[in-house]
Structure formats: C-alpha cells, structure tokens
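Please look over the sequence and the structure shown below.

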Amino acid sequence: MANKKQSTAKSKKSSRKILKSEQEAPEEQKKVEEKNIVLATDILPEDLPIVPIRDRPIFPGIVLPIIIENPIMTKAVEDVYQSTTHKTIGLFLSIKEEDEEEEEEEEGGKGKKIYKMEDIYSVGVAAKIVKIIPTENNEELHVLVSALDRIELKSIVTQDPYPVGRIKYYHETKFAMNEELKAYSMAVVSSIKELLKLNPLFKEELKIFLSRSTLEEPGKLADFAASLTTADREQLQSVLETLKVRERIDKVLLLLRKELEVTRLQAKITKQIEEKISKHQRIFFLKEQLKAIQKELGIVKDERTAVMEKFTKRIKKLKFSKEAAKVIEEELEKISLLEPASPEYHVGYNYLDWLTVLPWGKKSKDNYDLEKAQNILNQDHYGLDDVKERILEFISVGKLRKNITGSILCLIGPPGVGKTSLGKSIARTLGRKFYRFSLGGMRDEAEIKGHRRTYIGAMPGKFIQSLKVVKTCNPVIMLDEIDKVGKSFQGDPASALLEVLDPEQNAEFLDHFLDVRFDFTNILFITTANQPDTIPPALRDRMEILRLSGYVLEEKVEIAKKFLIPKQIKNHGLTRKKLVIKKDALKQMIDQYAREAGVRSLENQIKKICRKTARYYAKEGKGAVVITQENLSKYLGKPIFTEDEIFKDQIPGVITGLAWTETGGTTLSIEVAGILSKRKGFKQTGQLGEVMVESSETAYSYIMSALKRYKANPKYFDEHFVHVHVPAGATPKDGPSAGITMATALLSFILQKPISPEIAMTGEITLTGRILSIGGLKEKTIAAKRAKIKELIFPKGNKNDFEDLADYLKEGFIVHYVEKFDDVYKILF
C-alpha cells in the first residue's frame, strides 16, 4: 500500500506540472476557422458529473462498457443520458482501488456521500454515454461509453444530488507528421502486430480503432496501444496524464515491450501444457486402439478374462483342501460378475491372489542321506555334537517313515555361539527352503495371525507371508529371539504363537486374513533364545530345547582357523599369503581379547587385524603380514583381560566360584571380611539378586551353627560384623549356586586358612549343610577351563552331567563330588 500511495502521489504531481505547461502545438493548429459549423451535441459543457472508476483508466478514442454500482453515480448517469444533449460525464480513476467506506456528513437528518478531490486522480476523460444496457439487477448499471478527450478536474462545484466538477478540456491536436514521429508510430504498430500474433483477441479492437482513426495520429495510436496492455493502473494513469505525444509514445513503447515479454512467456507455458496433455492423450488413444486391435485378433483378452485365466492356471497346479477349494470357487464366481473398476473387485482380487499364490501341496524333496547330512553339518559348524546328533536322528526318523514331519526345536545359548547360522545349516542339510524372521520386540498378534480383511491395507501374518516367499509348504522357518516377544494392548504375540508351535493344533492353522485353514505340520520350526526364563511356560512346553553352550579355547581356535579367518580374509580383499595369524597369537587373542562364550567378539578382533592389513597394502606395502604374540598388541591394542583378573594371591576369605549368565559361564570371586564389633551383623554387596541374597543368608546361618564342629571360635559371630562382597558391583548377579562358595569363604576367613585360586566350586547349600545339584554345568566347566582352573568341586547330583561332557572339556580337571558341606571341609581344610 505504501508503494501504491507513493506512485499515486508522484503521478498527481507530474500531472499538475504537465497541466501547467503549455501545449507544444503549432500556432496554425490553434486557430479555428470561423466558417466551420459546430453541432450542438459536440459542444461540451464546462461542468460535468464526476463518475469515479476503480479498475483502470479509460483512454480517449476507446469505446467500452462500464459497470456502475454506486446508486449516486447511477442517478448521475441516468440524468445526463435523459436530460442533456451532450450526454457526457467525467470518468476519473479513484486513488484507492479497494472498496472502502466513504465519509458521510449529516445534513438535514440524511447521510449524503461527500466526494473529495483527494479521492480521485485529477486527470481523466470526458466520455459520451452511447447506450444504457438494461439489467435484471437494479443495483448496478451497465453503460456503453465512448471516451472523447482528456480533461482535468479543477474543482468540485456541487455534491447535490451528485458530484459535479469544473472541467478543463485538453483536445488532441493534429500534428504534421515528421520522420521521428513516423518512426515512433511504426515502432508502436510493429509491437501491436507482434501482440496480435500471440493474442488474436486484439484483432477486433484494432479493427474498431482503424475504423475511427488513422495511423497518422500518433497520440491516438499511443492511447489505443496503452489500452491493449495489462499494465497496472498507476502506469496507465501516468500515460493518461502525459500530454506531450513524444513522451507518451515512449512510455507506451516500454509498456508494450513488457506486455510482449509476459505474453510470450504465457504462450510458452500454454504450449508446454498443451504438449504434455496432447502427448498423454495420444498415448491413451493409441493404447486403447492397440487393445481393441488385439482383442479383435484374439491376441489379448480383456482384463476380467485375463485375470480369470491367470487364477485358473494357478489353481490347476495346486492341491487345495476342500475348504480352500470351496472358498476359491466362490471368490472366482464373485469377481467374474464385478466390474474391474469397482472397489469390491480389487478386494476380491487381492484375496484370491493370496489364496492361489500359497504353496498348497507343493513340497521340496527331502534329503535322507545321513552321510551327506553329517558332512554338511561338519562343514558349517565345529563342535555342537549333541545338536548335530539330534538333526541326524530327525532325518533318520523321516527316512524310515518316508516323510519328515514338522517339529519345533528351541536353540538356547549365549550370543555368538551360532544359533542362527545353525538353522541355515539344518535347512541345507534337509534340502529345504529357509526363512527367518525375528520376534524380538513384536507386540501385535496380527503379525502372527494376520489382519482381518475388513481393515484397509490388511495383510496375512508372517507365517503365511513366509510361505509365499519360499513357495513350498515344508520349509525350515526360524523364529529368532523368542525370549524377547513383547506384550501390549494390541495383543499378546506369545499366546498367538501357541497355535503355531503346537503339533496338535498347527495342522489347522487359521490366519485372520485368509480365513481358511492351512496345514503347518510339514514345517520345521526352529526358535532361538538367550535364556529360557523369559519364554512363557506354555510356549516352552511345546518346544524341544537344545542348549548351545559357549566354546572353549580349543574350539575357538578351530572355528577361527576353519571359518572366521578365511571368511574375513576374503571379505577384506586379502589372501592367505598376505595375512598369516600364528596359532599361539590366535590363542593369546582368544585369551586376552575374546573371552566371551561365543565367537562374535573374536570375529570382530580378526576384522580389526584384516582392516589394518588392508591399509598396509593400500600404502603399497610389500611382504606378508605375520601376526605373532609379540606384535598382537600393535594391531589390537592393550589386552582387555589380564592374568591378574584370573589368578590372585591366596587370601583367607577369598574363594573362586562358577556362575551361569546369559552370555555363558563365568568365574567370580567371593570375598569375606569380618569387623570386630560389639554388635553382630551380616551384610552383602555386589548388586546381588533376591535368590543370591537368600543363598548367602543360608550359608551364614549354616556356618554360624557349625562353628564348633569345624574347630572354629563358637563366639566369632557374636563379636564380629561380617561383610560378604561379590566383585564387579555394576553387574547384576543372581541364583542359588553360589551357596557352597559363600559358606567356604566364610569358613576360610574365620579359620584364616587361604584356599588356592586354582580351585573353583558351585552348588546350592541348605541349612542342614546338604549340597544340591545346579544347572548350566557345561557352561561353568567351559568358564573354568577358560580361566585355567585345575580343581573343581561339584554337587554329587551333577556327576552324570559332567561325565556326559566331551572328553576335551573334561581333560585337565581334578573333580570332587560332594553331598554335604562336611565333604568340602575335608577336601579344603
């Protein structure tokens, strides 16, 4: 609005300066011959009714219709048209373009609108009313006017009944055409011709102009050209206020050039749009013609026929159940009657597509060759003899029955022991397709049983989707992280899995989307978990659990040599000649950098060495890189585990125990301290769980009751405050198997007799001193071997478990089996 007001003010100032200047016209053209006859209608009055217009100014010589909505202006026009001979009004452009409330002045009790000279531009045109066009709407008036001459509003004479102003006329004078004006006129005409090429609508206006004027009148030509442009109102008003013809033509030429640029751009945009539309239309018509021709020749059929033939072809290759065959027949009949454009057709099509794409009765051929199966398992994995034995048993049963039925295996073990890769090997051994998906964090039961078809974007569950991918009804499906299934308001996926993993129910598994029963009995389900505790009991009961314990040093060395090192050398673009890892360096790497139960950390260390070797060769290094015990720390940094953590000095009250964790077995030290105090007491630290706290209290109570029997001071606990601590306080610990260790640590401190750190023990103790059997013996034995323990104390109830272990695990241990704590006392004290 600020810019508009400034331009308005400038144009008003320029108009006043121009109007004060004298017109540059020859003296001969100012003389009027007295002999000329003047008609009464051509005599224009000194005072004219003022009619403001809002959109744009009107130029002399132009005939056009205008719409008048103001009732006062309407009355003025009607009075002039009916009561006067000249039929002329003054048209002035209002300064404000928007409709705004006009000031009212109370006079005689009635509000009358007052028009001020500041509201309109001072230069306008005198326009003759040619015709008043009647309209149905009485509130507005359509008037055809013919603009005559420029006029200047000197003052407003009266406001009653409508504004009338004192007018000064500026008649267009005739010039003697010179070369300069002729050149300007030709430039204007040339620009108009270019506009006509781009916008033919201007042709009619040009015809009207030529019928009333000639090209020998540059002033009228400039006015006509200005009226053709779409310039803004202020620019056009500036042209109207310019009385000097030369200056006026300059301004008009500039407006014409801008108009040409805008018109060309508009034409270009229009052409681009038309080309795109015509191209799409052409492609559409050609496709429709091609369809019609192909249909006539019988080369291609319409959409509905093609869809029916596609489904019929699929159906012939499959062996459906009676229920499925009936549903498919009904759906085929339904979509054959629907139009392809209808929404119901697409819903039916999607449903039929899923029904017919599933592998009904399609099985892959099973491998019954036990020797071949054993070779495949040995190629892929080192150790894991119990798991391999179970797979070979599974194949043997299938060989005798001539059919391998589905089963549910659950592989439980710490991370990195090869649970997922073992599933792939089982599938390869059986010659079946393999599909894996993770259940970790799954919270929606629809992921298992599918969505109902009433929902937009409904899909079958993961099991039906997996069958579509593998294209056989007897694949090996692995469900990873079954111990981490979530539960939310959307349902309980673990409960939904009961139907899938129950051999008695999965013969008729019902997916919500299919709503047709599918037989899962031929599928071999393999689940994996890190710990069995978080698996719902009902679900755990349906699975056969196979435990994968961690690997000992010897196993890790073989796994690294046969699998990990060759794999990473290949992945890093190296060769066996470029990178050599000595066996003693590999053992040191496992002992000091990768002590976890699995081999994932070991593989990461091998990757680190491979990356550094690749960088060495990238810098044009020569000769093989040999990793030895001496240069291992150069590639892997300082050791993560040191000997100090494993072996400690013989201190009374410090005993090495064995524990089971999610990541495998581990060793832990239990420390006891007694503080001389008048008040007895017992305290445990080390972030112990409830079960472990209870176990420590049981050990404390038992030792306190048996002090005399073990030749200790019977009043020791009355005079001392006892503190039991399990190091690595940031790590949560729980379980009953540390009871024997805590009791031994208490007795060792009281008797001040140290126990060798090469002796480790595990077992649950009772208040009567009995030692109960524990779980996770294999993992604990592996941890003891890894920590270079020489002597083990186990509950007698675990004797068979230890004897069932592989010989290389039992080798090098002196094992004691105890039934009571008295047996422990005899061995150690």
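K810 has a relative accessible area of 22% and counts as partly exposed, where buried means under 20% relative accessible area, exposed over 50%, and partly exposed in between (1.4 Å probe, protein chains only). Its partner D807 is exposed, at 61% relative accessible area, and the two side chains meet in a salt bridge with N and O 3.7 Å apart; the term stands for a side-chain nitrogen of Lys or Arg within 4 Å of a carboxyl oxygen of Asp or Glu. Both residues belong to helix α29 (residues 807-810), in which they are three residues apart and thus separated by about one helical turn. Helices (H or I, at least four residues) and strands (E, at least two) are DSSP runs, numbered from the N terminus.

This is a predicted model, in which local features need pLDDT of at least 70 and side-chain atom pairs count only at pLDDT 80 or more, while totals for chains, interfaces and linings use all residues. Residues are numbered from 1 along each chain as its sequence is written, and side-chain values use heavy atoms, with hydrogens and water left out.

The structure holds 24 salt bridges, and the table gives three of these pairs.

| Pair | N to O distance | Relative accessible area |
|---|---|---|
| K810 and D807 | 3.7 Å | K810 22%, D807 61% |
| E481 and K484 | 2.9 Å | E481 27%, K484 37% |
| K796 and E819 | 3.9 Å | K796 45%, E819 47% |

K796 and E819 form a salt bridge. Because K796 lies in the loop between β25 (791-795) and α28 (799-803), and E819 in the loop between β26 (814-818) and α30 (821-828), the pair ties together parts that are 23 residues apart in sequence. Elsewhere, E46, D47 and R166 are linked in a network of salt bridges.

Which residues of helix α12 (residues 370-380) are buried? They are A373, I376 and L377, and, seen down the axis of α12, the buried residues fall within an arc of 95°, so they line one face of the helix; the arc is that of the directions from the helix axis to the C-beta atoms. These buried residues pack against α13 (385-401) and α14 (419-430), contact meaning heavy atoms within 4.5 Å. The face of α12 turned away from the buried side carries the exposed residues E371 and Q379. At the start of α12, a side-chain oxygen of D369 reaches to within 3.2 Å of the backbone nitrogen of E371.

The structure holds zero disulfides, a disulfide being a pair of cysteine sulfur atoms within 2.5 Å. C410 is buried, with a relative accessible area of 0%, and C610 also counts as buried at 0%.

Most residues other than glycine have a negative phi, and most peptide bonds are trans. Against that background, a cis peptide bond joins D160 and P161, with omega about 5°, and P161 has its place in the loop between β7 (141-158) and β8 (164-170). Q752, although not a glycine, has a positive phi of about 55°; this residue sits in the loop between α26 (739-751) and β22 (759-761) and is partly exposed, with a relative accessible area of 47%. K788, another residue other than glycine, has a positive phi near 60°; K788 is found in the loop between α27 (777-786) and β25 and is partly exposed at 38% relative accessibility.

Note on methods. A polar contact is a pair of N or O atoms within 3.5 Å; within protein, one must be able to donate a hydrogen and the other to accept it, and residues adjacent in sequence count only if both atoms are side-chain atoms.
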